[in-house]
Amino acid sequence: MPPELSPGEQLMAMASGAWVTQMIHVAAELGLADQLVGGERDCEALALACGAEADTLFRLLRGLASLGIFEETAPRRFALTPLAELLRSDHPQSLRQFARMLGEEHYLSWADLLRSVRTGENAFQHRYGCSVFAWYQQNPERGAIFDGAMTDFSRQETEALLAAFDFSGIRRLVDVGGGRGALLQRVLRATPGLQGTLFDQPEVVAPVAPPAELSDRLRVEGGDFFRSVPSGADAYLLKHIIHDWGDDACRTILGHIRAAMDPAGRVLIVEQVIPPGNGPFPGKLLDLNMLVMSEGGRERTPGEYAQLLESAGLRLSRIVPTASAVSVVEAVRAD
Ligand SMILES: C[S@@+](CC[C@H](N)C(=O)[O-])C[C@H]1O[C@@H](n2cnc3c(N)ncnc32)[C@H](O)[C@@H]1O
């Protein structure tokens, strides 16, 4: 937010943030950035390539350019900018699937935030009649966008996690709810000798094939963490899993891990741990996303993690911060 804005201008810009969510979402949906990889193009050619109407596409691009996403280089002619580059499908830091995810079922659920705040209930469930993960099972195209969005989201955190946390003492690591395995693959590449198991719902891991160079160190297993998790590992990683669920459900997941793990093993919960005070912190907004989208999910404070872990027969041993918003909440068996 530019500091020269008056309080009224700042609040107006914040209050109309939903417009920007949709503008970025539409650019991502149309694949506009992919169409500009070869260089700048005029609106008419872009409209033809993306299946849009030329004048409305121009208005969208002009609006986005005013935010630094795309640039008008000549009348009705547009090019990529550093922000627009991130909407390319093939960019190593791509956020295209994340932008596509936020503009539909997330967006519609956020429209019911008022109801969630009044009732404490999950807006997604109210609107769609089932949990978000059940809905993704029934809507595999949207599920694939969600899985891609999680990979996009993870990229921002993975390098910070590797820099802050030493995985080298671990023999076998299970990534519980590891999605398509981008994080686990990165950890295995950075940690010679480490064996890894990617564990997620069968339909999420079905398309995952370990790359040849990791084929002897990476196993892929489908299952349900409310029933069981792979046994015998000395570390269980849960990144953005515990924040998806209320305390009772978390106790079930952690209970299965406690029963399955090597007695001297560790549980590594990677989440945006809420700090005290009024300062800005992404987890304070992500917490509201969990309110809207999940069944009892929330971001938690260090004290809330300590209590939750204790109630699952585990003990919080330390919290390792990273240069990104996530920290590693490390726990061991309490007995
Ligand atoms: C918020 S995503 C996090 C994905 C990944 N750990 C990351 O940080 O990018 C939650 C993951 O939990 C998985 N999941 C949800 N319910 C599950 C269940 N009952 N058993 C196993 N995995 C589940 C989802 O498929 C999804 O990949």
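Predicted model: local features only at pLDDT ≥ 70, side-chain atom pairs only at ≥ 80, totals over all residues.
Local features need pLDDT of at least 70, side-chain atom pairs count only at pLDDT 80 or more, and totals for chains, interfaces and linings use all residues. Residues are numbered from 1 along each chain as its sequence is written.

Start with the overall division. The protein splits into domain 1 (7–96) and domain 2 (157–333). These bounds come from an automatic or database domain assignment. The C-alpha centres of domain 1 and domain 2 lie 35 Å apart.

Now the helix pairs. Two packed helices are described by the angle between their axes and the distance between the axes. Axes are lines fitted to C-alpha atoms, for helices over the stretch in contact, and angles run from 0 to 180 degrees between N-to-C directions. Helices are DSSP runs (H or I, at least four residues), numbered from the N terminus.

Take helix α4 (residues 43–50) and α5. Their axes are 9 Å apart, at an angle of about 105 degrees. That makes α4 roughly perpendicular to α5 (65 to 115 degrees; under 35 is roughly parallel, over 145 roughly antiparallel, the rest oblique). On the α4 side, C43, E44, L46 and A47 meet A54, L57, F58 and L61 of α5. Contact here means C-beta atoms, placed from the backbone, within 7 Å. By class, this contact of α4 with α5 has seven nonpolar, no polar and one charged residues. Ala, Val, Leu, Ile, Met, Phe, Trp, Tyr, Cys and Pro count as nonpolar, Asp, Glu, Lys and Arg as charged, and the others, Gly among them, as polar.

Helix α5 (residues 54–65) also packs with helix α2 (residues 17–30). The two axes come within 10 Å and cross at roughly 120 degrees. α2 and α5 are therefore oblique to each other. M23, V26 and A27 in α2 meet L60, G63 and L64 in α5. That contact divides into five nonpolar, one polar and no charged residues.

Move on to helix α12 (residues 140–164) and helix α13 (residues 182–190). Their axes come within 9 Å and cross at roughly 25 degrees. The two helices are therefore roughly parallel. From α12, T151, S154, T158 and L162 meet A182, L183, R186, V187 and A190 of α13. The classes here are five nonpolar, three polar and one charged.

Methods. Contact = placed C-beta atoms within 7 Å.
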